[in-house]
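Colleague: Hi! Could you walk me through this fold, starting with the strands?

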Amino acid sequence: MSAVYINSAACISVQDTLNENFFQNLKPENSTQVLKAIEPNYKEFIPPAMSRRMSKTVKMSSVASKYALKEAGIENPDAIIVGTGMGCSQDSEKFLKNVIDNNEEFLTPTFFIQSTHNTVAGQIALALQCHAYNFTYVNTSSSLEFSFLDAKLQINDGEADNVLVGSTDEQTDRTMELYTLNKTIKKEENLPVDYLNSTTEGVIWGEGSSFFVLGKDKTENSYTQLKDIQISSRLDIEETQQFITDFLAKNNLTNNDIDAVILGFSGDKASDVYYTKAMDLFHNSALLYYKHLSGEFNTASGFSTFMACHILRNQEIPEVMMINTLKKEGIKNILLYNHLGGNDHSLVLLEKA
């Protein structure tokens with residue numbers, strides 16, 4: 001199998017990640033139920049007439065994908081692959097509201113057409129006039145990982161040289177209300193949350209859009225080599241360590257070879273135990289967490305991948321992400337472990353390019 005490199009990374013999140021100095025200005029948030037993304041001035045990227053008809057996730061993805069393609073120096077990728085958990089839920093809600101308000105009569109199809117999950121990948125392709133392979137993965141919290149896996153196969157099989165891969169999810173008022181009712185989102189009385197030692201259920205919800213260009217060739221701008229990905233939809237807590245050690249063994253590594261581990265601690269006491277189990281394996285690694293910076297959402301792993309890319313390039317770990325005080329002189333291998341509510345576990349192995 002040929003090597004696959006991440007040659008560019010762009011992210012719109014609840015941090016100011018489009019700013020060049022974002023690495024030094026990361027601000028944790030632990031006392032708000034729902035975190036909103038810091039959005040750019042869309043007029044600079046999208047004509048206002050088009051922007052008015054786009055949902056938030058389409059606009060975020062359009063801008064993030066432009067940043068990623070520009071950084072990689074690619075005008076037209078050989079494939080566009082997007083992972084999303086909730087898709088264009090704003091337009092879905094608008095369509096359903098129209099159905100109710102109009103007694104199922106005289107409906108305009110616009111919101112329905114724009115509410116499908118593959119709208120994001122389609123809109124990016126339309127803007128680029130790209131007629132290549134176009135695919136959307138909807139696999140809750142492992143949507144990005146499946147997208148990476150597909151892109152890796154495309155490159156290894158010689159079907160593509162450069163692939164635009166993205167992940168995106170937006171918030172909607174009604175969905176956030178429902179998430180609060182079913183206790184997915186933390187109750188106000190349980191805030192502020194201690195992400196690493198939480199004694200309550202529920203999470204702080206976020207949103208965002210992350211895009212990467214994967215290529216078969218290493219470039220001057222390459223962040224990292226995407227070594228391997230492993231996904232498991234269900235995992236018993238007792239199987240966590242075996243899941244990780246088997247994955248590392250497959251890649252001829254031991255836990256001592258991992259310089260940094262990025263874990264998805266969300267502040268939900270019921271599901272964070274998986275990360276606590278995983279931590280016990282890595283006594284000689286820098287242990288990091290990130291959802292106090294991004295919030296929890298279906299494709300939050302896009303934010304952790306974006307951060308891992310910059311950690312590998314800068315050879316520096318932001319203090320705000322550190323769980324332990326261990327610092328390696330050089331950072332070569334980073335392991336990312338994520339799940340959502342104890343389901344859809346994913347491991348991603350990145351190596352310094």
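Modeller: Strand E9 (residues 333–340) and strand E10 (residues 343–352) run antiparallel, joined by seven bridges. Helices (H or I, at least four residues) and strands (E, at least two) are DSSP runs numbered from the N terminus. This is a predicted model: local features need pLDDT of at least 70 and side-chain atom pairs 80 or more, while totals for chains, interfaces and linings use all residues. Residues count from 1 along each chain as its sequence is written, and side-chain values use heavy atoms, without hydrogens or water.

Colleague: Which residue is the bridge partner of Asn338 in E10?

Modeller: Ser346.

Colleague: What order do the strands of the open sheet have?

Modeller: The ten strands go E3-E2-E4-E5-E1-E6-E10-E9-E7-E8, with mixed pairing. Pairing takes at least two DSSP bridges. Strand E3 (133–137) and strand E8 (286–289) are the edges, each pairing on one side only.

Colleague: What does helix H5 touch on the sheet?

Modeller: H5 (residues 119–128) packs against strand E2 (79–83), E3, strand E4 (162–169) and strand E5 (208–215). Contact means heavy atoms within 4.5 Å.

Colleague: New topic: which residues of helix H7 are buried?

Modeller: In H7 (residues 173–181), Thr175, Met176 and Tyr179 are buried. They sit on the same side of H7 because they cover an arc of only 100° around the axis. Buried is under 20% relative accessible area, exposed over 50% and partly exposed in between (1.4 Å probe, protein chains only).

Colleague: What covers them?

Modeller: Helix H3 (89–101) is part of the cover. The face turned away from the buried side carries exposed Asp173 and Leu181.

Colleague: And which residue with a positive phi follows H7?

Modeller: Lys183, with phi near 70°.

How values were computed
Arc of directions from axis to C-beta. Axes fitted to C-alpha atoms, helices over the stretch in contact; angles between N-to-C directions.
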